[in-house]
Amino acid sequence: MSTVPASPYPYPLPPRGSGARVALVIIDMQRDFIEPGGFGAALGNRVEHLQQIVPTVAALLKTFRELSLPVIHTREGHRPDLSDCPPAKKLRGDSTLRIGDPGPMGRILVLGEPGNDIIPQLRPEAGELVIDKPGKGAFYATNLQEHLKTLGITHLIFTGVTTEVCVQTSMREANDRGYECLLIEDGTESYFPDFKQATVRMIQSQGGIVGWVTTADRLIASLRQAYAGGAA
Ligand code: TIU
(Lines give C-alpha, C1' and ligand atoms only; values in the text may rest on other atoms or scores of the structure.)
Protein backbone atom coordinates (compact mmCIF):
# COMPACT_ATOMS: atom_id res chain seq x y z
CA MET A 1 0.00 0.00 0.00
CA SER A 2 1.25 3.52 -0.86
CA THR A 3 1.61 5.99 1.97
CA VAL A 4 2.40 9.67 2.42
CA PRO A 5 5.17 10.57 4.91
CA ALA A 6 3.12 12.29 7.62
CA SER A 7 2.77 12.84 11.33
CA PRO A 8 2.05 11.04 13.61
CA TYR A 9 2.75 8.15 11.16
CA PRO A 10 2.48 7.49 7.39
CA TYR A 11 -0.92 8.28 5.85
CA PRO A 12 -2.26 5.35 3.80
CA LEU A 13 -3.49 6.18 0.30
CA PRO A 14 -6.34 4.08 -1.11
CA PRO A 15 -4.96 1.55 -3.63
CA ARG A 16 -5.83 2.17 -7.26
CA GLY A 17 -8.93 0.25 -8.27
CA SER A 18 -9.95 -0.45 -4.67
CA GLY A 19 -13.15 1.59 -4.97
CA ALA A 20 -11.87 4.03 -2.34
CA ARG A 21 -10.78 7.48 -3.50
CA VAL A 22 -8.86 10.49 -2.28
CA ALA A 23 -10.11 14.06 -2.85
CA LEU A 24 -8.64 17.52 -2.34
CA VAL A 25 -10.77 19.83 -0.18
CA ILE A 26 -10.04 23.55 -0.56
CA ILE A 27 -11.81 25.43 2.22
CA ASP A 28 -13.06 29.00 1.67
CA MET A 29 -10.23 30.47 -0.44
CA GLN A 30 -12.56 33.40 -1.10
CA ARG A 31 -11.95 37.07 -1.66
CA ASP A 32 -14.02 37.68 1.52
CA PHE A 33 -11.23 36.17 3.64
CA ILE A 34 -8.11 36.87 1.60
CA GLU A 35 -8.57 40.36 0.13
CA PRO A 36 -9.08 43.69 1.89
CA GLY A 37 -12.71 44.85 2.27
CA GLY A 38 -14.36 41.48 2.97
CA PHE A 39 -15.61 39.54 5.97
CA GLY A 40 -12.13 38.73 7.30
CA ALA A 41 -11.12 42.37 7.29
CA ALA A 42 -14.48 43.41 8.82
CA LEU A 43 -13.67 41.12 11.75
CA GLY A 44 -10.51 43.15 12.32
CA ASN A 45 -7.98 40.79 10.74
CA ARG A 46 -4.90 41.52 8.61
CA VAL A 47 -5.98 39.47 5.61
CA GLU A 48 -2.73 39.75 3.61
CA HIS A 49 -1.20 37.13 5.92
CA LEU A 50 -3.35 34.44 4.28
CA GLN A 51 -2.07 35.13 0.76
CA GLN A 52 1.22 33.26 1.28
CA ILE A 53 -0.43 29.84 0.85
CA VAL A 54 -1.97 30.59 -2.56
CA PRO A 55 0.94 29.16 -4.68
CA THR A 56 1.02 26.01 -2.53
CA VAL A 57 -2.71 25.38 -2.85
CA ALA A 58 -2.45 26.12 -6.59
CA ALA A 59 0.30 23.47 -6.93
CA LEU A 60 -1.89 20.91 -5.14
CA LEU A 61 -4.87 21.80 -7.32
CA LYS A 62 -2.74 21.36 -10.47
CA THR A 63 -1.56 17.94 -9.29
CA PHE A 64 -5.06 16.67 -8.52
CA ARG A 65 -6.26 17.89 -11.91
CA GLU A 66 -3.33 16.25 -13.73
CA LEU A 67 -4.01 12.94 -11.98
CA SER A 68 -7.78 13.22 -12.57
CA LEU A 69 -8.45 13.06 -8.84
CA PRO A 70 -11.56 14.81 -7.47
CA VAL A 71 -11.45 18.36 -6.12
CA ILE A 72 -13.98 19.98 -3.77
CA HIS A 73 -14.10 23.74 -3.20
CA THR A 74 -16.11 25.30 -0.39
CA ARG A 75 -17.42 28.84 0.07
CA GLU A 76 -18.79 30.31 3.29
CA GLY A 77 -21.76 32.55 2.53
CA HIS A 78 -25.43 33.28 3.12
CA ARG A 79 -28.53 33.66 1.00
CA PRO A 80 -29.30 37.28 0.04
CA ASP A 81 -32.26 37.33 2.48
CA LEU A 82 -29.94 36.01 5.24
CA SER A 83 -32.54 33.37 6.13
CA ASP A 84 -29.69 30.90 6.70
CA CYS A 85 -27.67 33.28 8.91
CA PRO A 86 -28.48 32.88 12.59
CA PRO A 87 -28.85 36.24 14.37
CA ALA A 88 -26.11 35.12 16.74
CA LYS A 89 -23.67 34.99 13.82
CA LYS A 90 -24.77 38.30 12.32
CA LEU A 91 -24.66 40.17 15.62
CA ARG A 92 -21.40 38.72 16.99
CA GLY A 93 -18.54 41.17 17.55
CA ASP A 94 -18.27 44.93 17.51
CA SER A 95 -17.71 45.57 13.80
CA THR A 96 -19.58 48.39 12.08
CA LEU A 97 -19.61 46.23 8.91
CA ARG A 98 -21.69 43.07 9.39
CA ILE A 99 -22.83 40.08 7.30
CA GLY A 100 -25.18 41.37 4.58
CA ASP A 101 -23.95 44.98 4.73
CA PRO A 102 -22.60 46.58 1.54
CA GLY A 103 -18.79 46.62 1.45
CA PRO A 104 -16.10 47.30 -1.16
CA MET A 105 -16.59 43.79 -2.63
CA GLY A 106 -20.38 43.75 -2.45
CA ARG A 107 -22.52 42.56 0.43
CA ILE A 108 -20.38 40.95 3.13
CA LEU A 109 -20.43 37.10 3.08
CA VAL A 110 -23.44 36.88 0.75
CA LEU A 111 -23.67 34.29 -2.06
CA GLY A 112 -23.20 35.69 -5.55
CA GLU A 113 -21.41 38.86 -4.42
CA PRO A 114 -17.87 39.55 -5.72
CA GLY A 115 -16.39 38.98 -2.24
CA ASN A 116 -17.96 35.52 -2.11
CA ASP A 117 -15.99 34.39 -5.17
CA ILE A 118 -13.07 32.03 -4.90
CA ILE A 119 -9.86 33.94 -5.70
CA PRO A 120 -8.98 33.85 -9.44
CA GLN A 121 -5.77 31.81 -8.93
CA LEU A 122 -7.85 28.89 -7.58
CA ARG A 123 -11.01 29.27 -9.67
CA PRO A 124 -12.97 25.99 -9.87
CA GLU A 125 -13.10 24.22 -13.23
CA ALA A 126 -16.19 22.58 -14.72
CA GLY A 127 -16.81 19.24 -13.06
CA GLU A 128 -15.33 20.24 -9.71
CA LEU A 129 -17.70 20.27 -6.77
CA VAL A 130 -18.40 23.69 -5.17
CA ILE A 131 -20.13 23.50 -1.78
CA ASP A 132 -21.79 26.66 -0.43
CA LYS A 133 -21.98 26.46 3.34
CA PRO A 134 -23.63 28.77 5.86
CA GLY A 135 -21.48 27.60 8.77
CA LYS A 136 -17.87 26.96 9.57
CA GLY A 137 -18.06 23.21 8.91
CA ALA A 138 -18.41 21.92 5.33
CA PHE A 139 -20.92 19.23 6.37
CA TYR A 140 -23.34 21.44 8.33
CA ALA A 141 -26.47 22.27 6.25
CA THR A 142 -24.86 21.05 2.99
CA ASN A 143 -25.11 17.93 0.81
CA LEU A 144 -21.36 17.27 0.93
CA GLN A 145 -21.68 13.82 2.49
CA GLU A 146 -24.11 12.62 -0.19
CA HIS A 147 -21.69 13.79 -2.90
CA LEU A 148 -18.76 12.03 -1.23
CA LYS A 149 -20.72 8.77 -1.00
CA THR A 150 -21.79 8.97 -4.64
CA LEU A 151 -18.20 9.59 -5.75
CA GLY A 152 -16.75 6.85 -3.52
CA ILE A 153 -14.51 9.32 -1.71
CA THR A 154 -13.05 7.98 1.54
CA HIS A 155 -9.89 10.07 2.02
CA LEU A 156 -9.93 13.87 2.34
CA ILE A 157 -6.93 16.19 1.99
CA PHE A 158 -7.59 19.52 3.74
CA THR A 159 -6.26 22.92 2.68
CA GLY A 160 -7.54 26.51 2.88
CA VAL A 161 -8.51 29.07 5.48
CA THR A 162 -8.65 29.61 8.32
CA THR A 163 -6.84 26.74 9.99
CA GLU A 164 -8.50 26.81 13.39
CA VAL A 165 -11.96 27.93 12.22
CA CYS A 166 -13.40 26.49 8.99
CA VAL A 167 -10.59 24.05 8.19
CA GLN A 168 -10.45 22.47 11.62
CA THR A 169 -14.25 22.41 12.02
CA SER A 170 -14.64 20.68 8.63
CA MET A 171 -11.85 18.21 9.39
CA ARG A 172 -13.42 17.28 12.72
CA GLU A 173 -16.83 16.85 11.07
CA ALA A 174 -15.23 14.59 8.44
CA ASN A 175 -13.31 12.59 11.05
CA ASP A 176 -16.51 11.89 12.98
CA ARG A 177 -18.11 10.66 9.75
CA GLY A 178 -15.33 8.11 9.18
CA TYR A 179 -13.19 9.88 6.57
CA GLU A 180 -9.40 9.52 6.66
CA CYS A 181 -8.28 13.15 6.97
CA LEU A 182 -4.90 14.69 6.14
CA LEU A 183 -4.08 18.36 6.76
CA ILE A 184 -1.52 20.11 4.53
CA GLU A 185 0.47 22.27 6.93
CA ASP A 186 1.79 24.71 4.31
CA GLY A 187 -1.55 24.71 2.46
CA THR A 188 -3.52 26.24 5.31
CA GLU A 189 -3.22 29.56 7.13
CA SER A 190 -4.70 31.51 10.01
CA TYR A 191 -4.84 35.19 10.86
CA PHE A 192 -3.13 34.03 14.09
CA PRO A 193 0.13 32.07 13.57
CA ASP A 194 0.03 30.59 17.08
CA PHE A 195 -3.53 29.30 16.49
CA LYS A 196 -2.34 27.56 13.32
CA GLN A 197 0.53 25.91 15.15
CA ALA A 198 -1.76 24.79 17.98
CA THR A 199 -4.27 23.32 15.50
CA VAL A 200 -1.57 21.42 13.62
CA ARG A 201 -0.39 19.95 16.92
CA MET A 202 -3.83 19.05 18.29
CA ILE A 203 -4.98 17.29 15.10
CA GLN A 204 -2.07 14.83 15.09
CA SER A 205 -1.84 14.40 18.88
CA GLN A 206 -3.04 11.27 20.67
CA GLY A 207 -2.11 9.05 17.73
CA GLY A 208 -3.90 11.20 15.14
CA ILE A 209 -7.06 11.94 17.11
CA VAL A 210 -8.44 14.01 14.21
CA GLY A 211 -6.08 12.89 11.45
CA TRP A 212 -2.62 13.30 9.93
CA VAL A 213 -0.44 16.29 8.98
CA THR A 214 2.04 16.59 6.10
CA THR A 215 3.43 19.10 3.59
CA ALA A 216 2.36 19.77 0.02
CA ASP A 217 5.65 18.52 -1.48
CA ARG A 218 5.39 15.21 0.34
CA LEU A 219 1.79 14.69 -0.73
CA ILE A 220 2.45 15.61 -4.36
CA ALA A 221 5.41 13.18 -4.62
CA SER A 222 3.39 10.36 -3.04
CA LEU A 223 0.34 10.95 -5.24
CA ARG A 224 2.48 10.94 -8.39
CA GLN A 225 4.10 7.67 -7.33
CA ALA A 226 0.79 6.01 -6.35
CA TYR A 227 -1.43 7.19 -9.19
CA ALA A 228 0.79 8.01 -12.17
CA GLY A 229 -0.69 6.60 -15.34
CA GLY A 230 -4.27 6.44 -14.13
CA ALA A 231 -6.84 7.76 -11.74
CA ALA A 232 -7.48 6.05 -8.43
N1 TIU B 1 -12.83 34.31 11.08
C2 TIU B 1 -12.18 33.24 10.68
O3 TIU B 1 -11.04 32.98 11.08
N4 TIU B 1 -12.73 32.39 9.77
C5 TIU B 1 -14.02 32.41 9.30
O6 TIU B 1 -14.86 33.22 9.70
N7 TIU B 1 -14.33 31.53 8.31
C8 TIU B 1 -13.42 30.59 7.80
O9 TIU B 1 -12.49 30.16 8.47
N10 TIU B 1 -13.57 30.24 6.53
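This is a predicted model: local features need pLDDT of at least 70, side-chain atom pairs count only at pLDDT 80 or more; totals for chains, interfaces and linings use all residues.
User: Why is Thr-188 called buried?
Analyst: Its relative accessible area is 0%. Buried means under 20%, so Thr-188 qualifies.

User: What makes the pair Thr-188 and Thr-163 a polar contact?
Analyst: The two side chains come to 2.9 Å. A polar contact needs a pair of N or O atoms within 3.5 Å, one able to donate a hydrogen and the other to accept it; the pair is therefore counted as one.

User: Which residues does Thr-188 touch, leaving out those up to four places away in sequence?
Analyst: Thr-188 touches Ile-53, Gly-160, Thr-163, Val-167, Leu-183 and Lys-196. Contact means heavy atoms within 4.5 Å.

User: Where in the fold does Thr-188 lie?
Analyst: Thr-188 is in strand β9, residues 180-189. That strand belongs to an open sheet of six, ordered β7-β4-β3-β8-β9-β10, with parallel pairing.

User: What makes β7 and β10 the edge strands?
Analyst: Each of them, β7 (129-133) and β10 (212-214), pairs on one side only. From one strand to the next, the twist averages 25 degrees.

User: How do you know that β4 and β7 pair?
Analyst: Five bridges join β4 (residues 71-76) to β7. Pairing takes at least two bridges, so the two strands pair. In this parallel arrangement, His-73 stands opposite Val-130 in β7.

User: Which helix lies across β9 and β10?
Analyst: Helix α7, residues 193-208, does, running at about 165 degrees to β9. Helix α5 (residues 144-151) lies across β3, β4, β7 and β8, at about 160 degrees to β7.

Terms used
Residues are numbered from 1 along each chain as its sequence is written. Side-chain values use heavy atoms; hydrogens and water are left out. Helices (H or I, at least four residues) and strands (E, at least two) are DSSP runs, numbered from the N terminus. Buried means under 20% relative accessible area, exposed over 50%, partly exposed in between (1.4 Å probe, protein chains only). Axes are lines fitted to C-alpha atoms, for helices over the stretch in contact, and angles run from 0 to 180 degrees between N-to-C directions.
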